[in-house]
Amino acid sequence: MTDMIKVFGHKSPDTDSTGSPIIWAWYLSDVKGTPATPVLLGEPNTEAAFVLKRWDLPKPEIIADVAAGETCVVVDTNNPAELPASINEANVVQIIDHHLLAGGLKTKGPIDITIRPLACTATIMHDLMGDDAAKMPESIKCAMLSCILSDTLEFRSPTTTAHDRAVAEKLATELGISIPDYAAELFAAKSDVSAFSDAELLRMDSKEYNVAGKELRVSVLETTAPKVVLDRKDSLMASMIDVAKEDGADQVLLFVVDILKEEATLLVPNDLVKQFAEASFGAKVTGDTVVLPGIMSRKKQIIPALKL
């Protein structure tokens with residue numbers, strides 16, 4: 001009997017890291033005849049949870065780790081820091097991603113790796129399927145469209161390529177979905193953070209990086225209602241101390257991205273963050289927040305710019 005392949009993305013799953021495992025597990029199982037199942041490395045964020053409910057997609061099982069020798073496909077990341085602790089003991093057979101090559105993953109043998117400079121993992125999956133993409137059932141097409149609209153912020157993000165947009169528009173046409181209307185639903189779900197604690201917000205869409213010798217948790221909250229988050233800035237900044245300590249970081253950086261205004265507000269709780277803001281973005285910081293016009297993408301605009 002063939003081992004069931006586990007397909008998963010990064011910790012703190014957003015829409016792409018929730019939808020892409022579902023898409024690829026469907027493709028492996030239903031098209032390629034290779035048994036596969038999607039799993040998650042944490043609770044999906046509000047937007048991803050909305051997508052699952054909206055299109056009647058079962059929420060994948062949440063796992064804490066992988067077993068030695070367990071067959072896995074990794075999507076939407078290649079960074080061991082964002083993967084299960086035992087990932088290098090597992091049998092990773094494929095990686096599909098659109099991020100920089102982080103290094104540190106070790107495999108049992110040669111594997112199939114696809115990393116392309118597109119805005120969304122699901123776009124790459126559409127390409128890898130080729131003619132088989134036509135076999136996607138409606139729910140899988142909806143998941144794919146959701147991933148692309150989420151990762152591109154409805155084509156506003158600077159990571160967006162013409163190809164991401166073309167695939168999304170093709171899917172929307174086939175599904176009879178209005179992209180502006182559906183994107184508005186997605187972003188409303190993404191913006192509803194009222195049920196989350198400060199610590200949960202700081203970890204919700206965050207990645208760990210070492211910049212200038214400092215261990216950083218770089219958090220991004222994309223929203224159409226930034227005031228809801230910024231009204232909590234005092235308690236969020238206070239919570240950064242405990243979150244950093246618990247996660248072994250020197251500092252949490254929180255960028256609140258206003259999807260509609262196409263700008264980010266960085267919370268500035270101390271001199272270290274002030275130094276990062278001024279050195280990285282040429283900003284003049286005079287208070288405990290600073291607005292960064294045009295900054296929307298952690299991958300393309302924030303991480304490459306960070307310096308002291």
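How many nonpolar, polar and charged residues does the lining of the largest cavity have, by class?

1. The lining of the largest cavity has 7 nonpolar, 10 polar and 11 charged residues. Here Ala, Val, Leu, Ile, Met, Phe, Trp, Tyr, Cys and Pro count as nonpolar, Asp, Glu, Lys and Arg as charged, and the others, Gly among them, as polar.

2. The model is predicted: local features need pLDDT of at least 70, side-chain atom pairs count only at pLDDT 80 or more, and totals for chains, interfaces and linings use all residues. Residues are numbered from 1 along each chain as its sequence is written, and side-chain values use heavy atoms, with hydrogens and water left out.

3. A cavity is a set of points, on a 1 Å grid over the protein atoms alone, where a 1.4 Å probe fits but cannot get out; its lining residues have an atom within 4 Å of a point. Grid points are joined across faces, edges and corners, and a volume is the space filled by probe spheres set on the points. There are 2 cavities of 30 Å³ or more.

4. The largest cavity has a volume of about 430 Å³. Its lining comprises 28 residues, and D14, D151, D205, E222 and R298 lie nearest the centre. At least two lining residues come from each of α1 (15-31), α2 (46-54), α4 (138-152), β7 (206-211), β8 (214-223) and α11 (298-302). The most come from β8, with 3 residues. Helices (H or I, at least four residues) and strands (E, at least two) are DSSP runs, numbered from the N terminus.

5. The second largest cavity holds about 40 Å³ of space. Its lining includes T15, T18, G19 and I22. Two or more lining residues come from each of α1, α2 and α4, and α1 gives the most, with 4 residues. By class, this lining has 7 nonpolar, 4 polar and no charged residues.

6. Helix α6 (residues 179-191) reaches 18 Å from its first C-alpha to its last, close to the 18 Å expected at 1.5 Å a residue. Its buried residues (under 20% relative accessible area, 1.4 Å probe, protein chains only) include I179, Y182, L186 and K190. At the start of α6, a side-chain oxygen of S178 lies within 3.3 Å of the backbone nitrogen of D181.

7. V228 belongs to helix α8 (residues 226-230). V228 counts as partly exposed because its relative accessibility is 40%, and partly exposed lies between buried and exposed (over 50%).

Terms used: On a 1 Å grid over the protein atoms alone, a cavity is a set of points where a 1.4 Å probe fits but cannot get out, and a pocket is an open set with protein on both sides within 12 Å along at least five of seven lines; lining residues have an atom within 4 Å of a point. The expected span of a helix is 1.5 Å times one less than its number of residues. A polar contact is a pair of N or O atoms within 3.5 Å; within protein, one must be able to donate a hydrogen and the other to accept it, and residues adjacent in sequence count only if both atoms are side-chain atoms.
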